[in-house]
Amino acid sequence: MPDLIQERAGVPVLVCDPAGPPVATTEQALDLIGAAFAGAEVVAVPAGRLDPSFFTLGTRFAGEVMQKFVSYRLRLVVVGDISAHLAASSALRALVAESNRHDHVWFVPDLASLDARLSARD
């Protein structure tokens, strides 16, 4: 399945293919942002497509990617099981908890959770 814009809970979401190219640079994140300009408000990226450095906060890669999405007024949603990363980093646990309290970047376990979160915003 290619990356596709789908309406989910009334919101246009670029749902990224789990088998798509990895996101290991800010330029690759910008490619997703560019694809979202076809009409999406949210970009749902499978956790498995994100380079492991995204989950190691000392690399600053997560911050750079998240800032790009905020700057372009798009919501980034990381979809999937990141429990191994969370177990390894209290800083990441804090980031995820704080991000999920706000509206710019969310971490959800699956697309059904994303749909519920989008529905709750109404």
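User: How many aromatic pairs are there?
Analyst: This is a predicted model, and in it the count of aromatic pairs comes to three. One of them joins F54 and F55, whose rings are edge-to-face, with 5.2 Å from centre to centre and 75° between the planes.

User: And which other ring does F54 form an aromatic pair with?
Analyst: F54 also forms an aromatic pair with F61, again edge-to-face, with the centres 6.2 Å apart and the planes at 90°. Taken together, F54, F55 and F61 make up one aromatic cluster.

User: Are those three buried or exposed?
Analyst: F54 has a relative accessible area of 0%, so F54 is buried. F55, at 4% relative accessibility, counts as buried, and F61 counts as buried too, at 7%. The cut-off behind these calls is a relative accessible area under 20%.

User: Which residues touch the most other members of the largest nonpolar core?
Analyst: That core has 27 residues, and V43, F54, F55 and F69 are the ones that touch the most other members. Two or more residues each come from α1, β3 (42-46), α2 (61-71), β4 (75-79), α4 (90-100) and β5 (105-108), and the largest share, five residues, is given by α2. Another core, of eleven residues, lies apart from this one, and its members include V13, V15, A44 and L118.

User: Switching to β4, then: how many of its residues are buried?
Analyst: Five of the five residues of β4 are buried, so the strand is largely enclosed by the rest of the structure. R75, V77 and V79 point one way from β4, whereas L76 and V78 point the other way, and all of them are buried.

User: What are its strand partners?
Analyst: On one hand β4 is joined to β3 by five bridges, and these two strands run parallel; within that pairing, P46 has V79 of β4 as its bridge partner. On the other hand four bridges join β4 to β5, also parallel, and there L76 has V105 of β5 as its bridge partner.

User: And which helix goes with β3 and β4 in a β-α-β unit, and of what hand?
Analyst: The helix is α2, and the β-α-β unit that it makes with β3 and β4 is right-handed.

User: Back to R75 for a moment: where does its charged end sit?
Analyst: The charged end of R75 sits over the ring of W106, at 4.7 Å from the ring centre.

User: Which other residue lies over the face of W106?
Analyst: R117 lies over the face of W106 as well, and there the distance to the ring centre is 4.1 Å.

User: Why does T26 count as buried?
Analyst: T26 counts as buried because its relative accessibility is 16%, and the cut-off for buried is under 20%.

Note on methods. Residues numbered from 1 in each chain as written. Predicted model: local features only at pLDDT ≥ 70, side-chain atom pairs only at ≥ 80, totals over all residues. Heavy atoms only, no water. Buried < 20%, exposed > 50% of the residue type's maximum accessible area, 1.4 Å probe, protein only. Phe/Tyr/Trp six-rings, centres within 6.5 Å; stacked < 30°, edge-to-face > 60°. Lys NZ or Arg CZ within 6 Å of the ring centre and 35° of its normal. Core = buried A, V, L, I, M, F, W, Y, C linked by side-chain atoms within 4.5 Å. Pairing = 2+ DSSP bridges. Right-handed = clockwise from strand over helix to strand, strands pointing away.
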